[in-house]
Structures are given as structure tokens and as C-alpha cells.
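This briefing describes the structure shown below. It is arranged by topic for reading alongside the sequence and the coordinates.

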Amino acid sequence: MSGQGPAATPSIPGFLMWRATNAWQRAQRSALEAFGLTHVQFALLATLAGDDAKKGLSQAEISARSGVDPMTTSQVVRILESRDLVVRTASPDDKRAQRVTLSSNGRSTVRKAQPKVEKADAAFFARAGKNATALTSALQALASND
């Protein structure tokens, strides 16, 4: 890259992905600001709002389903619990584990935040125009290498 100057950097895929990710994160932060949530907090709440919302999920299940690493999941669940957005209870299956469920406040917050997040996502990716389907396919291919 030496000698190419700043004008050459936009064609580097990794640099473009980094820039696009930063722009997307700004859009998500803006959508979630009114709820006092970060995107990772919202992602974990939305994961808990899924099919197993009634019985709850272990932190390992939350981590696996959301794609958030286990250490971050643990830290964020503690924050969400302190804000009365989730409740942890002893697991009936494993005395060492806890089940995490949404509190009524958490359910309400997800229900209100979800449309804002989806609207921000739609507006952001609309900028891809006719390339949106190809972009989605490319992102799925890249993400499948986790």
C-alpha cells in the first residue's frame, strides 16, 4: 500500500467493510439511543424474545444464538439484569447454571425498540440499491466462515 496514497484505500475490501460497519453501527446507536441500549444489549434482548422466551435460555445458549462471545454475553447479561431488563433464575436442569428471561420491562423495551432497529437497518441497506440482494449473499458467505 505504500506510495498509493489515501485515494487508493477505498478499493480495499477490508477497509470498506470497516467503514461500512462503522456507519451501520452509528445508525444502530442512533436508533437505540432513546432506549439507552447498545446494539449488543439489544441483540441479547432480541435473542431472549425469540421462541424460547418463556422458559429462558442459559448464557451459553444466548451466546451461541446471538453470535456474541461468552465473556461479553456474561458481562452484558449482568448489565441488563441491573437495569431490570432480564431476570436470572436457577436452572431446573443444572444447579450450576442459570436461566435468563426477559423481565416485563425487557419485553416492553424490545417491543418498542425492534421497529426502530429494523427501520434503521432498512434505511442503511437501502443505500445498496439494486445490489442489496448481492450484498446480503456476500455477507452471508463471509459470516459463514465464523
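The model is predicted: local features require pLDDT of at least 70, side-chain atom pairs count only at pLDDT 80 or more, and totals for chains, interfaces and linings use all residues. Residues are numbered from 1 along each chain as its sequence is written, and side-chain values use heavy atoms, with hydrogens and water left out. The chain contains six helices and two strands; helices (H or I, at least four residues) and strands (E, at least two) are DSSP runs, numbered from the N terminus.

**Overall architecture**

- Read from the N terminus, the order of elements is α-α-α-α-β-β-α-α.
- The chain has 146 residues, of which 29% count as buried; buried means under 20% relative accessible area, exposed over 50%, and partly exposed in between, with a 1.4 Å probe and protein chains only.
- Among contacts with a separation of 6 or more, 52% join residues 24 or more positions apart; contact means heavy atoms within 4.5 Å.

**Nonpolar core**

- In soluble globular proteins, nonpolar side chains tend to be buried together.
- A nonpolar core is a set of buried Ala, Val, Leu, Ile, Met, Phe, Trp, Tyr and Cys residues joined through side-chain atoms within 4.5 Å.
- The largest nonpolar core has 20 residues, and those touching the most other members are Leu-37, Leu-44, Leu-45, Leu-48, Ile-62, Leu-80 and Val-86.
- At least two residues of this core come from each of α2, α4 (70–82), β2 (98–102) and α5, and α2 gives the most, with four residues.
- Beyond its neighbours within four places in sequence, Val-86 contacts Leu-45, Leu-48, Val-77, Leu-80, Glu-81, Val-100, Thr-101, Leu-102 and Ser-103.

**Helix α4**

- Helix α4 comprises 13 residues and extends 18 Å from its first C-alpha to its last, close to the expected 18 Å at 1.5 Å a residue; the expected span is 1.5 Å times one less than the number of residues.
- Thr-73, Ser-74, Val-76, Val-77 and Leu-80 are buried in α4.
- The cover over the buried residues of α4 includes α2, α3 (59–66), β1 (86–90) and β2.

**Helix packing**

- Two packed helices are described by the angle between their axes and the distance between the axes.
- Axes are lines fitted to C-alpha atoms, for helices over the stretch in contact, and angles run from 0 to 180 degrees between N-to-C directions.
- The axes of α2 (residues 39–48) and α5 (residues 104–126) come within 11 Å and cross at roughly 115 degrees.
- Phe-42, Leu-45 and Ala-46 of α2 meet Val-110, Ala-113, Gln-114 and Val-117 of α5 in this contact.
- The contact of α2 with α5 comprises six nonpolar residues, one polar and no charged; Ala, Val, Leu, Ile, Met, Phe, Trp, Tyr, Cys and Pro count as nonpolar, Asp, Glu, Lys and Arg as charged, and the others, Gly among them, as polar.
- The axes of α3 and α4 come within 9 Å and cross at roughly 115 degrees.
- In that contact, Gln-59, Ile-62 and Ser-63 of α3 meet Pro-70, Thr-73, Ser-74 and Val-77 of α4.
- The contact of α3 with α4 has three nonpolar, four polar and no charged residues.

**Selected residues**

- Thr-47, in helix α2, counts as buried because its relative accessibility is 17%.
- Ala-23 lies in helix α1 (residues 13–32) and is buried, with a relative accessible area of 19%.
- Not counting residues up to four places away in sequence, Ala-23 touches Phe-124 and Arg-127.
- The C-alpha atoms of Ala-23 and Phe-124 are 8.5 Å apart, although the two are 101 residues apart along the chain.
- Ser-58 sits in the loop between α2 and α3 and is buried, with a relative accessible area of 14%.
- Leaving aside neighbours within four places in sequence, Ser-58 contacts Gln-98 and Arg-99.

**Backbone at Asp-84**

- Most residues other than glycine have a negative phi.
- Asp-84 has a positive phi, near 60 degrees.
- Asp-84 is placed in the loop between α4 and β1 and counts as partly exposed, at 44% relative accessibility.
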